[in-house]
Amino acid sequence: MRTMKNLSKITGLAVAMTAVALPALAQDAVPAAMDPPANEIGFILNTFMFLVTGFLVMWMGAGFSMLEAGLVRSKNVTMQSLKNIALFAIAAIMYYLIGYNLMYPGDGWSIDGVLGAFSTTSLEPVGVGADAVDLTYASVGSDFFFQLMFCATTASIVSGTLAERIKLWPFLIFTVILTGFIYPIQASWKWGGGFLDANFGFLDFAGSTVVHSVGGWAALAGALILGPRIGKYKDGKVQAMPGSNLTLATLGTFILWLGWFGFNGGSQLYMNTVGNVADISRIFANTNTAAAGGAIAALILTQLLYKKPDLTMVLNGALAGLVSITAEPLTPSLGAATLIGAIGGIIVVLLVPFLDKLKIDDVVGAIPVHLGAGIWGTLAVPITNSDGTFYGQIVSIITVGIFVFVVSAVIWFILKATMGIRAPAEDEMMGLDKAELGMEAYPEFTN
């Protein structure tokens, strides 16, 4: 019995000593080769940043879906949800097939500084070594993934403006052209090193013009050609058409606000030094406070103008603040960023009724948010960044605007003449969910 107890003690002691020794043994067992060489650390961190910020921007697709689902009437919610997931899938494929290299041609310009390369995207081979990549940047896969999300965002902007009366397939065909050609071509003029960047010193950090105003111009062209919803403008008055779910719209706004940290933060492009990491944190802080400034400005202004705060205006005010700071989220102070965002919020509150006076029907307010605030944000860059000039910014805004609006209008006209873009009146009155899809988001409660 004593022998068994002694054996038990010895066994317990051995187990305890082994447990104590294991961590040290485990640490000793890690070969030094597993530590990345110093010259690879920057590449690893940059790649990681693109992947994380990329899926934050992808989450904005959910934000647009919820925002639009909340701001359209119940009878069109399924259609908006379908359009948003379909446009994201289309953008992913078109950006792979042609958009990425059209936007980033390197030395392969088809027309120098104007038209990029026509080829599909190729990633690094499996298990690529450090000697076969550009260690000063990031992996092609991460860069492609990150940039794709901006392309998809542009198409989401168009979806909300034209809601409730555009047919599904013409919209998706337009999305193919927008994401495969229109967006990448104009983006190459700035981010691909094209003529706006080289000749005019155009500054657009994360896309107030390159992304947001492009979606706004395409939406404006579509809205003018498509016309307003039936009954929206009657007897010289604007008829309110309340959205189905303001809770969803609020959720969508918060999701977009969150995703914007990836949108602007990832556009720093590098996370390989103390300075770059500090700059990313500064971008996050400025992005957040610009949204807050836009929301508060819209809150106060709607109270003053309408004697009651307007939730939809406040939501769009926050988004306008985000769009406004996107062109330059790094150089402003927190105070300047707040003011830039606040002016964006004011622009939205003033532009929404102005569009209604012109009988331009924008269901979710995307044109004031993305085009109006996008132009303002781009113009504001030289205020805080001495590298920018008002001349260069104005020329670039006009150049991109004319190109996108004219090409979009031509495409919309062609689609209208060939297959029609507007749903029949009876389908619009019934709701596109039942008329085109045969299913409803809220079958028990439709209006």
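**Figure 1. Crossing of helices α5 and α7.** The crossing of α5 and α7 is right-handed. The contact draws on Phe174, Leu178, Tyr183, Gln186 and Ala187 from α5, and on Val210, Val211, Val214 and Ala218 from α7. Sorted by class, the residues in this contact of α5 with α7 are eight nonpolar and one polar, with no charged residues. Helix α5 covers residues 168-188 and helix α7 covers residues 208-226. Their axes lie 11 Å apart and the packing angle is about 135°. The two helices α5 and α7 are therefore oblique to each other. The model shown here and in the other views is predicted.

**Figure 2. The chain as a whole, for orientation.** The chain holds 15 helices and two strands. Its C-alpha trace spans about 100 × 60 × 45 Å along the principal axes. Of the 447 residues in the chain, 52% are buried. Taking contacts in the chain between residues at least 6 apart in sequence, 79% join residues at least 24 apart.

**Figure 3. The largest nonpolar core and Trp412.** The largest nonpolar core has 102 residues, and within this core Tyr183 and Trp412 touch the most other members. Helix α3, residues 77-103, gives the most to this core, contributing twelve residues. Another core, of seven residues, lies apart from it; among its members are Ala290, Ala337, Ile347 and Ala380. Leaving out residues up to four places away in sequence, Trp412 touches Val158, Leu162, Ile166, Pro170 and Phe174, as well as Ala218, Ala221, Gly222, Ile225 and Ile421. Two of the residues touched by Trp412 also take part in the contact of Figure 1: Phe174 on α5 and Ala218 on α7. Tyr183 of α5 belongs to that helix contact as well.

**Figure 4. Surroundings of Ser159.** Ser159 is part of helix α4, which runs over residues 140-161. Its relative accessible area is 0%, so Ser159 is buried. Residues up to four places away in sequence are not counted in what follows. Ser159 touches Glu68, Gln80, Lys83 and Asn84, and also Leu87 and Phe171.

**Figure 5. Packing of helices α11 and α12.** Helix α11 comprises residues 334-357 and helix α12 comprises residues 366-384. The axes of α11 and α12 come within 9 Å and cross at roughly 145°. This crossing of α11 and α12 is right-handed. On the α11 side the contact is made by Ala336, Ile340, Ile343, Gly344, Ile347, Val348, Leu351, Val352 and Leu355. On the α12 side it is made by Ile367, Pro368, Val369, Gly372, Ala373, Trp376 and Thr384. By class, the contact of α11 with α12 contains 13 nonpolar and three polar residues, and no charged residues.

**Figure 6. Position of Thr312.** Thr312 sits in helix α10, residues 311-326. With a relative accessible area of 25%, Thr312 is partly exposed. Thr312 is in contact with Leu71 and Leu246, its neighbours within four places in sequence being set aside. Between Thr312 and Ala249 the C-alpha to C-alpha distance is 8.1 Å, while the two residues are 63 residues apart in sequence.

Conventions:
Residues numbered from 1 in each chain as written. Predicted model: local features only at pLDDT ≥ 70, side-chain atom pairs only at ≥ 80, totals over all residues. Heavy atoms only, no water. Axes fitted to C-alpha atoms, helices over the stretch in contact; angles between N-to-C directions. Helix = DSSP H or I, 4+ residues; strand = E, 2+ residues; numbered from the N terminus. Parallel < 35°, antiparallel > 145°, perpendicular 65-115°, else oblique. Left-handed = near helix turned anticlockwise from the far one by under 90°. Contact = heavy atoms within 4.5 Å. Nonpolar A, V, L, I, M, F, W, Y, C, P; charged D, E, K, R; others polar. Core = buried A, V, L, I, M, F, W, Y, C linked by side-chain atoms within 4.5 Å. Buried < 20%, exposed > 50% of the residue type's maximum accessible area, 1.4 Å probe, protein only.
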